[in-house]
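Please look over the model below before reading on, and keep it open beside these notes.

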Amino acid sequence: MLDALDPEALDEVLLCDERGRLLGSALVDPKSPVPVRLYSRKEQALDAELLRTRLGQAIDWRQTVVAPGCTGYRLVFSESDGLPGLIVDRFGKAVAMQCTMRHYVAHGQFIFELLREQIGSIEAAVIEQEGTRSLLGGVSESTAATYQLNDIEMGADLLSGPKTGAFLDQRENYLAARNWAERICPGGRALDLYSSSGGFALHLARAAKQVEAVDSSPGSVRTIGENAKRNGVENVRPIQSDVKQFLRGLGQARRQYDCVVADPPAFAKSNQQKKEAERAYY
C-alpha cells in the first residue's frame, strides 16, 4: 500500500519566470486559500519517495526539539517541513491532519500508514478539508484522544475540538507561567482567562492555592473539569462566562488575584477589524 501513491493523480505544475527559467515544482488547488504552493526548487514529483522522506525528516526534527514524554505537538507544519498545505498534529496515539490542498486528502490513508510506520504507537487519524473532519480507517475508531503536554495529561476530541482537536501552541508558555507563579506568588490565587482546555490553569495549579479558569464555551468548561479530574487536580474551578462580563464583575466586586494569564482569541481576522480588536483587547 505504501507504494500505491501515483504522482499522476496529483495536480502538479512547473513554475517559470517571464524568461522561462524554472522556479520550481508546485501543487495546485483552485479551492485552496493559497491555490499554488511551491514544494521544490527543482523539477521534482511529489511522489511516494519524496513524501516518505519529508515526513521522516519532520518526525526526526520533532524528536530532537520536543521534550521526552511529551506526546502533544505539531508533527508536520506545512511549508516549514516541505509539505505545503499539510498540517499534522499528534495527540498521543492519534493524529489529526488538516489539508488545504486536495492532494493530501486523496492520499490521506497513505500518509496515515507512513506515520504509523515511523511512529509505532499511532492508532487513529482524523483528516480535515474545508472545515469537515472525518475518521480515517485504522486500528482505533475513537476520536477521543489523551496526550501528555509537559507533565500534564490532557484530553481532546479530534472531531469537535478547537483547531485540530486542541491548542498545542502554548506548550513552552505553560511551563513559563508555572515557573513565574512559583517564584512570585506561591500559594496565591490565580486566574486563567480564555482557558480553552485548561492548559494554563492546570500548570498554575501546581504553584497556586486556587485557580479560576474562565471560558465562554460550555464544551471548554467541561473539558477543563475533565482534565483536572484526569490529573487529580482539585484546586481548579472552571467558570463558564463571557470574559469581558466576568472582568466587569471583578471590578465591581474588587476581587484581586496574585497571578493572571490572558490568552484571548484572535480578535482581528483582517485589517478592517483593527479598531474593534483594539477595543476588545483593552
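1. R62 is a residue of helix α1, where helices (H or I, at least four residues) and strands (E, at least two) are DSSP runs that are numbered from the N terminus. With a relative accessibility of 10%, R62 counts as buried; here buried means under 20% relative accessible area, exposed means over 50%, and partly exposed lies in between, with a 1.4 Å probe and protein chains only. Leaving out residues up to four places away in sequence, R62 touches Y73, R74, L75, F77 and D81, a contact being heavy atoms within 4.5 Å.

2. Before going further, please note that this is a predicted model, in which local features need pLDDT of at least 70 and side-chain atom pairs count only at pLDDT 80 or more, while totals for chains, interfaces and linings use all residues. Residues are numbered from 1 along each chain as its sequence is written, and side-chain values use heavy atoms, with hydrogens and water left out.

3. L51 is also found in helix α1, and because its relative accessibility is 4%, L51 counts as buried. The C-alpha atoms of L51 and I111 are separated by 8.2 Å, although the two residues are 60 residues apart along the chain. I111 belongs to helix α3 (residues 108-118), where G108, F110, I111, F112, L114 and L115 are buried. Which elements do the buried residues of α3 pack against? They pack against the helices α1 (48-65) and α2 (102-106), and against the strands β4, β5 (86-91), β6 (94-99) and β7 (124-129).

4. Helix α4 covers residues 171-184, which is 14 residues, and from its first C-alpha to its last it reaches 21 Å, close to the 20 Å expected at 1.5 Å a residue; the expected span is 1.5 Å times one less than the number of residues in the helix. Which residues of α4 are buried? They are R171, Y174, A177, R178 and A181. Seen down the axis of α4, these buried residues fall within an arc of 120 degrees, so they line one face of the helix, the arc being that of the directions from the helix axis to the C-beta atoms. As background, an α-helix has 3.6 residues a turn, so residues three or four places apart point the same way.

5. On the other side of α4, the residues E172, R183 and I184 are exposed. The buried residues of α4, by contrast, pack against β4 (72-77), β9 (144-149), α5 (199-204) and β14 (259-262).

6. The loop between β10 (152-157) and α4 holds S160, and K163 has its place in the loop between β10 and α4 as well. S160 counts as exposed because its relative accessibility is 58%, and K163 is exposed with a relative accessible area of 56%. K163 has a positive phi of about 55 degrees although it is not a glycine. Y194, in the loop between β11 (189-193) and α5, is another residue other than glycine with a positive phi, near 55 degrees.

7. V221 lies in helix α6 (residues 218-230) and counts as buried because its relative accessibility is 16%. Not counting residues up to four places away in sequence, V221 touches D215, P238, I239 and Q240. The C-alpha atoms of V221 and F267, which are 46 residues apart along the chain, are separated by 21 Å.

8. The C-alpha atoms of E278 and R206, 72 residues apart along the chain, are separated by 33 Å.

9. For the chain as a whole, there are eight helices and 14 strands, and the C-alpha atoms fill a box of roughly 70 × 45 × 30 Å, taken along the principal axes. Of its 282 residues, 46% count as buried. Among the contacts in the chain with a separation of 6 or more, 55% are accounted for by residues 24 or more positions apart.
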